[in-house]
Amino acid sequence: MTTTTRPAATTTTTRPASTTTRQPSAGSQVPDAAQVGSADFKPGSLYKGPSIDFRQDGDTTTLGVWWWTLSGIVSPVDGVSVDMILDMLIANNVTEIYLDVSKMIPWDEEVAQGGLSEDDVASGMVSERYVRGFVKKCNKYGIRVAALTGASGDSVLRWIDPDKKYYSLTSFVEKIAGYQNRAASDERFYAIHLDVEPHTMGTKWDNNRAKYTQWMADMVVEARSQCDAIGVELEYDIWSWFTEGDMVTDPSGAQVNILDLMTTQCHSLGIMSYFNTGSGQFDRATNLELPYARENGCRLIAGTETIQITPTNITYYYSGKDKLIREQGVLRSLLDGTGYGKLGGAIHHVYSWYALMTG
């Protein structure tokens with residue numbers, strides 16, 4: 001059984017008290033989105049690396065990427081700017097970004113506190129105006145953006161424990177609802193994308209697998225209801241090790257497999273099918289998941305790992321870009337061979353992928 005560690009994703013961000021502030025526009029009116037990157041950006045001007053052999057322009061098959069470092073849309077990360085990343089994504093025909101907005105400050109909160117403090121900026125907080133500008137820019141080039149958040153380890157319990165009354169979920173959905181109301185049509189998120197991973201709780205998971213699986217299922221049912229209420233899709237990332245024995249009670253009271261419930265409630269299910277061959281990824285993404293996705297009409301996403309992690313056979317970090325390119329072509333061919341039209345791929349995560357492709 002493989003457990004994958006990803007960049008930390010915070011579900012609730014506590015900011016230090018404001019010190020020196022930069023004043024936002026006064027009044028209650030919502031200002032225009034902020035410019036992200038260069039206004040003169042031109043695709044093909046910055047990224048000179050190769051493209052993975054997964055998706056061609058015009059395909060109905062989707063290709064996504066996880067983007068965990070929100071501050072990267074306003075400041076370079078290790079010398080890599082937002083436009084450099086965007087240029088790579090365009091070159092690789094990426095269709096969607098899962099953007100972690102845990103550190104986005106909603107406009108009303110920004111106004112209430114008198115602007116972003118120096119401490120806010122230092123801790124990676126980003127104004128909603130820049131997020132709106134980023135989404136607008138991505139949409140210009142045919143890339144849609146989902147609002148991502150996640151939890152791992154014991155923090156998962158804040159999401160799934162019914163005694164918590166789904167406070168973390170509700171707070172996040174309310175945050176996105178406010179954003180959607182203030183954003184222009186080309187600045188809005190198409191989905192809420194949850195990466196809440198009970199299997200990362202170690203021995204707590206091992207000793208309480210059935211209970212936590214049911215709690216996760218109940219939370220997903222609640223999430224679908226809340227997403228429907230604000231008009232966005234629900235997407236969820238799930239590990240690739242559930243079995244036919246992982247049964248839950250669905251809203252009707254029936255006993256069903258967790259994957260049956262997940263593919264019924266979610267518009268898209270991202271499988272953490274991490275392996276360093278296309279055939280290995282395909283097996284992990286579809287062995288049990290595909291029949292349920294096909295039956296319930298859910299989009300199924302085969303995830304690809306590129307970060308430095310062990311065991312080494314679950315990531316392309318040690319394999320090099322040439323193998324990544326080749327094996328993504330293998331993965332795509334195998335997905336096409338299923339005959340199911342709602343399939344896609346996604347790469348974890350954007351900065352490690354960029355480093356691999358340009359190294």
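This note goes through a few local features of the structure, one point at a time.

1. Basis. The model is predicted, so local features need pLDDT of at least 70 and side-chain atom pairs count only at pLDDT 80 or more, while totals for chains, interfaces and linings use all residues. Residues are numbered from 1 along each chain as its sequence is written, and side-chain values use heavy atoms, with hydrogens and water left out.

2. Thr61. This residue sits in the segment before β1 (62–67). Helices (H or I, at least four residues) and strands (E, at least two) are DSSP runs, numbered from the N terminus. Thr61 counts as buried because its relative accessibility is 10%; buried means under 20% relative accessible area, exposed over 50%, and partly exposed in between (1.4 Å probe, protein chains only).

3. Surroundings of Thr61. Contact means heavy atoms within 4.5 Å. Apart from neighbours within four places in sequence, Thr61 is in contact with Phe54, Arg55, Arg332, Asp336, Leu343 and Gly344. With Arg332 there is a polar contact from side chain to side chain, at 3.4 Å. A polar contact is a pair of N or O atoms within 3.5 Å; within protein, one must be able to donate a hydrogen and the other to accept it, and residues adjacent in sequence count only if both atoms are side-chain atoms.

4. Helix α4. Residues 128–140 form this helix of 13 residues, and its first and last C-alpha atoms are 18 Å apart, close to the 18 Å expected at 1.5 Å a residue. The expected span is 1.5 Å times one less than the number of residues. Buried residues in α4 include Val131, Phe134, Val135 and Cys138. An α-helix has 3.6 residues a turn, so residues three or four places apart point the same way. After α4 comes Gly142, with a positive phi near 80°.

5. Cis peptide bonds. Thr310 and Pro311 are joined by a cis peptide bond with omega about -5°, and Pro311 is in the loop between β11 (299–305) and α12 (321–336). Another cis peptide bond joins His348 and His349, with omega about -15°. His349 lies in the loop between β12 (343–348) and α13 (350–358).

6. Positive phi outside glycine. Asp78 is not a glycine, yet its phi is positive, about 55°. Asp78 belongs to the loop between β1 and α1 (82–91) and counts as exposed because its relative accessibility is 78%. Asn93, also a residue other than glycine, has a positive phi near 60°. Asn93 is in the loop between α1 and β2 (96–100) and is buried, with a relative accessible area of 18%.
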